[in-house]
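Let's go through some labels that come up when a structure like this is described. For each one, we ask what stands behind it.

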Amino acid sequence: MNPGENHIDAPDYIEAPLAPKHTRMQEFGRMLKQNRLAALGFFIFVLFFLCAVTGLILTSGTKPLFNPAMVRLEEKLRPPLSKPNLQALRPDQVPVLNVYLMGTDDLGRDVFARMLQGAWVSLTVGFVAVGISVFIGIFMGGIAGYFGQHHIKAIHILFFLCLIGGIGLVLINAVFAGTALLLLCLSSIVFLLSARDKLPEKTLPAWKGILLGNAVSVDTLIMRIVDIMLCFPSFFLILTVVALLPASIYNIMIVIGLTSWMGTTRFVRAEFLSLREQDFVAAAKALGIGNFRIIFRHIMPNAVAPVLVSATIGIATAILTEAGLSFLGFGVPPPHATWGNILSDGKNFIFDAPWLTFIPGIAILIVVLSFNLFGEGLRDILNPKLRERH
Amino acid sequence: MLSFIGRSVIQKTITLFFVSIVSFLIIHLAPGKPSQVNPMNPKFTPEILERFQKEFHLDKPLYVQYLYFYRGLFTGQTVSWKDNQSVFSKIWGRFLNSLPLFIVGTLITWTLSFPVGIRSAIYRGGIYDRTTTFLSYLLISIPGFFFAYVLIIFVVNHFHVPVIGMETFGIANSSIPHMIMDRIWHLLLPSVLGATGGIAILSRYVRSQMLEVEGQDYIRTAKAKGLPPDQVHYKHAFRNALLPFVTMFGLILPGLIGGSVIIETIFSWPGMGRMAYDAILARDYPVILTVNFVSAVLVLAGTFVSDLLYLVVDPRIRL
């Protein structure tokens, strides 16, 4: 081989594709094919999604195709796939396909229609609760990881305590004390603004020095909040709050979301701490890009993999929690069907009508299992160490 | 070492203080009133209501109530609003009921997950490994209450033994072996149910720890010098894989008071979980707050113990 040939080869080298030939979606599909359990999980997940959406369309409105609330007292506890007794029913009470696909419950309601309606509830509870927890988790973790070294001044803490205390007092009708606290809060802003101009710190009197001194770093503060939240036994906390608040599906979503963000915060923070020191962030900073653009455009895409995995598994957990709450009677209020309360209603007829227990139970099991399998598969797919090996 | 202990005790005390404030605020600011002072309750005249309010310090501002409550808690004088019994004696009674469940459940978890996890790590990728992987996902995903009913139907139909409650009603008159068998049958199902999730998670964890150790150079050396496989796996690999599990002894501490609300409700087991559930329903604030406080103490103590164990077991760690 002489140097001349090498020189001629060079243009080929340059034209050769530098970026990977496969797009991310193709890569994803290929990995999914190799991990059959994850593929199965993904397939069931899509199926469940479609079921829930069609279920919502078919069971809502004034004249739904499948009426989950239609009571037929003559037709109670019919086993699955049994034909309705046409003589006993009014024409509008006859089920659509002329068969009870999944039987009827103790009030003669069509279990198939109720399962369809419940699918949407499970889906929204899972997604909204996890959405809330992921949002809080990314926000807190991002702040702790990126701005962690900044310090909060004592005056800031005072300000927030006064603000929250003042609003709280006004809300519980202690207007006088509340207004006083809000005024104090206002005065602390004034103090902060006036102190900003006078920079030479030696001239400050002692009390001003304490107020303007660094009290605690942002990172410490957020991680201590996480520690405090982790001290509560989670299901017990959810149960307490849900039992004390008026029963509604939104409360359940919010409470599950507000009590499950700690894990996300922890690893978003860990990812941010390591990514913040990387060269591409330094380069972005050198280009004068703003903090928020760096966080969301440059760091976040690199930190999103573990969040996605834990969110998928979190949806499974949220569905289980909602089912457990419904089972205890704290779930979605009665006329609305969820898989948990179909099961909970059916438990009294466990020997006479086992389908009332088994159908929702197995449905929950399959959906939660598919989310778990898909989440674990996603962990492998998104893991760059494993990707290189293949 | 001493400075580490001192620092973490101070830190955990501060955390506990904030936990006490947050839990107090959650309970007291939530809408609704305890049934004893609910003006909607037709049994109460305004005079009785007022007396209750005074008795429970509900007429005072929140921070005074907070001080009263935690003074009562630390001097052990807190009483349940529902029946005026001391909260601690109530919790202690229920705790003794929950304890057998916890002990049997923990024993089942730890004795089952280690053999399963080690075996599936040794035969990685084999049919055994894949089966147990799938089974553990199944066990994590199965709703506890559904699994409970499946097991109840199975056991009652096939073995014809009663399983609900702590013991069969009126069993006290029969012979001693009969009584013991009865207790065991009643104990078995709830503790197996309590252990399912634990088995699934712990066996996966054992598997991944074993896999990590089995990939090390010294294992290859041990294999290369011709040691029998059992000695390699159990003496060289397993001992090193054990390290993180020693520290997990600290983390099972909170399970002592948790109890499972759902499982204890299904089996009518008069344990901690049931008591907490009933207290929530009756808005018995002292009981709810005490359970919460004790479990927070146990969580903090658990992490503290596990940190200490790490320090003792792993000489590489210097805090």
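Q: Where is Phe371(A) placed, and why is Phe371(A) called buried?
A: Phe371(A) sits in helix α15 of chain A; helices here are DSSP runs of H or I of at least four residues, strands are E runs of at least two, and both are numbered from the N terminus. A residue is buried if 20 or more other C-beta atoms lie within 10 Å of its own, exposed if 12 or fewer, and partly exposed in between, with C-beta atoms placed from the backbone. Phe371(A) has 27 other C-beta atoms within 10 Å, so Phe371(A) is buried.

Q: What kind of model is this, and how are residues and chains labelled?
A: This is a predicted model, in which local features need pLDDT of at least 70 and side-chain atom pairs count only at pLDDT 80 or more, while totals for chains, interfaces and linings use all residues. Residues are numbered from 1 along each chain as its sequence is written, with chains lettered from A and ligands numbered from 1 in the order in which they are written.

Q: Which residues does Phe371(A) touch, not counting residues up to four places away in sequence?
A: Contact requires that the C-beta atoms of two residues, placed from the backbone, lie within 7 Å. With those sequence neighbours left out, Phe371(A) touches Gly41(A), Phe45(A), Thr312(A), Ile313(A), Ile315(A) and Ala316(A). As for Trp355(A), 16 residues from Phe371(A) along the chain, the two C-alpha atoms are separated by 24 Å.

Q: What makes helix α12 of chain A "hardly covered"?
A: The count of buried residues among the eight residues of α12(A), 279-286, is zero. After α12(A) comes Gly288(A), with a positive phi near 80 degrees.

Q: Which residues of helix α10 of chain A are buried, and what do they pack against?
A: In α10(A), residues 249-258, the buried residues are Ile252(A), Met253(A), Val255(A), Ile256(A) and Gly257(A). They pack against α4 (111-146), α9 (234-244) and α13 (291-328) of chain A. For chain A as a whole, 37% of the 390 residues count as buried.

Q: What does chain A bring to the contact with chain B?
A: Chain A supplies 33 residues and chain B 32 residues. On the side of chain A, the elements giving two or more residues are α8 (218-231), α9, α13 and α15 (355-382), and α15(A) gives the most, with eight residues. By class this side has 25 nonpolar, five polar and three charged residues; Ala, Val, Leu, Ile, Met, Phe, Trp, Tyr, Cys and Pro count as nonpolar, Asp, Glu, Lys and Arg as charged, and the others, Gly among them, as polar.

Q: Why are α4(B) and α5(B) called oblique to each other?
A: The axes of α4(B), residues 87-122, and α5(B), residues 127-141, come within 8 Å and cross at roughly 135 degrees. Axes are lines fitted to C-alpha atoms, for helices over the stretch in contact, and angles run from 0 to 180 degrees between N-to-C directions. Under 35 degrees counts as roughly parallel, over 145 as roughly antiparallel, 65 to 115 as roughly perpendicular and the rest as oblique. The pair is therefore oblique. Val116(B), Arg119(B) and Ser120(B) of α4(B) meet Tyr128(B), Asp129(B) and Thr132(B) of α5(B), a contact of two nonpolar, two polar and two charged residues.

Q: What makes α7(B) oblique to α9(B)?
A: The axes of α7(B), residues 176-214, and α9(B), residues 229-241, cross at roughly 125 degrees and come within 9 Å. That angle makes α7(B) oblique to α9(B). Gln209(B), Met210(B), Val213(B) and Glu214(B) of α7(B) make the contact with Ala237(B), Asn240(B) and Ala241(B) of α9(B).

Q: Is His160(B) buried or exposed, and which is Arg283(B)?
A: His160(B), in the loop between α6 (144-159) and α7 of chain B, has 7 other C-beta atoms within 10 Å, so His160(B) is exposed. Arg283(B), in the loop between α13 (272-282) and α14 (285-313) of chain B, has 22 and is therefore buried. Phi is positive in His160(B), near 55 degrees, and in Arg283(B), about 50 degrees. Most residues other than glycine have a negative phi.
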